[in-house]
Amino acid sequence: MLERMVSGDWYLADDPGIVEAIHRSSDLTAAFNATTAREVDRRRELLTELLGAIGEDTEIRTPIQVDYGTQIRIGARSFVNFGLVALDVVDIVIGDDVQIGPNVQLLTPIHPLEADLRRSKWERAEPITIGDNVWLGGGVIVCPGVTIGANTVVGAGAVVTKDLPAGVLA
């Protein structure tokens with residue numbers, strides 16, 4: 001099921017391998033969220049273990065919440081403000097020099113529209129890609145499968161359901 005999940009296929013999240021991955025990320029996220037801003041080295045160590053990749057001089061403020069962490073890659077010199085929720089069932093790729101406002105949600109999961117499949121707990125996901133030098137204002141929600149082009153600004157409170165080209169204000 002874990003292989004199906006990361007490939008974007010339909011999967012069941014109660015698989016033991018998936019549950020263990022969630023427990024791992026929960027432990028690391030709790031440890032990171034318990035640090036203070038003065039614990040720079042410890043914070044970096046935890047983020048390096050939690051995330052798929054984190055670029056040089058990137059800062060992430062607490063608290064954060066992730067599903068797995070391992071599918072999140074953040075470029076260099078990016079800044080993530082308080083309250084990020086990044087549900088990384090599949091890849092979330094964040095470029096260099098990205099600014100993410102408080103309480104932003106990056107949501108890759110998709111649940112079936114058919115009630116029987118939903119009740120059976122099937123789900124899948126589509127990746128999110130955020131280009132270089134993007135600014136996501138406070139409270140932005142990015143939905144599954146969205147790509148946001150470089151140098152784009154997304155205003156506070158926006159819900160992004162479709163791709164945005166480079167260099168626009170949304």
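Let's start with Arg 73 and Asp 91, whose side chains meet in a salt bridge at 3.4 Å, N to O. By salt bridge I mean a side-chain nitrogen of Lys or Arg within 4 Å of a carboxyl oxygen of Asp or Glu. Arg 73 sits in strand E5, residues 72–74, while Asp 91 is in the loop between strand E7 (84–87) and strand E8 (92–94), so this pair ties together parts that are 18 residues apart in sequence. When I say helix or strand, these are DSSP runs numbered from the N terminus: H or I with at least four residues for helices, E with at least two for strands.

Before going on, a word on what we are looking at: this is a predicted model, where local features need pLDDT of at least 70, side-chain atom pairs count only at pLDDT 80 or more, and totals for chains, interfaces and linings use all residues. Residues are numbered from 1 along each chain as its sequence is written, and side-chain values use heavy atoms, with hydrogens and water left out.

How many salt bridges does the structure hold? There are seven. One of them joins Glu 45 to Arg 42, with the closest N and O atoms 2.5 Å apart. Those two are three residues apart in helix H3, residues 40–50, so about one helical turn separates them. Glu 45 is partly exposed at 45%, and so is Arg 42 at 36%.

Another links Glu 59 with Arg 61, and there the closest N and O atoms are 3.7 Å apart. Glu 59 comes out at 39% relative accessibility and Arg 61 at 29%.

Back to strand E5, which belongs to an open sheet of five strands, in the order E2-E5-E8-E13-E16, with parallel pairing. At the edges are E2 (53–54) and E16 (147–148), each pairing on one side only. Two strands pair if DSSP finds at least two bridges between them. Strand E13, residues 128–130, is joined to E16 by two bridges, and Thr 129 has Thr 147 in E16 as its bridge partner.

Finally, the span of residues 2–56 is 62% helix and 7% strand, and its end C-alpha atoms lie 30 Å apart.

Methods. Buried < 20%, exposed > 50% of the residue type's maximum accessible area, 1.4 Å probe, protein only.
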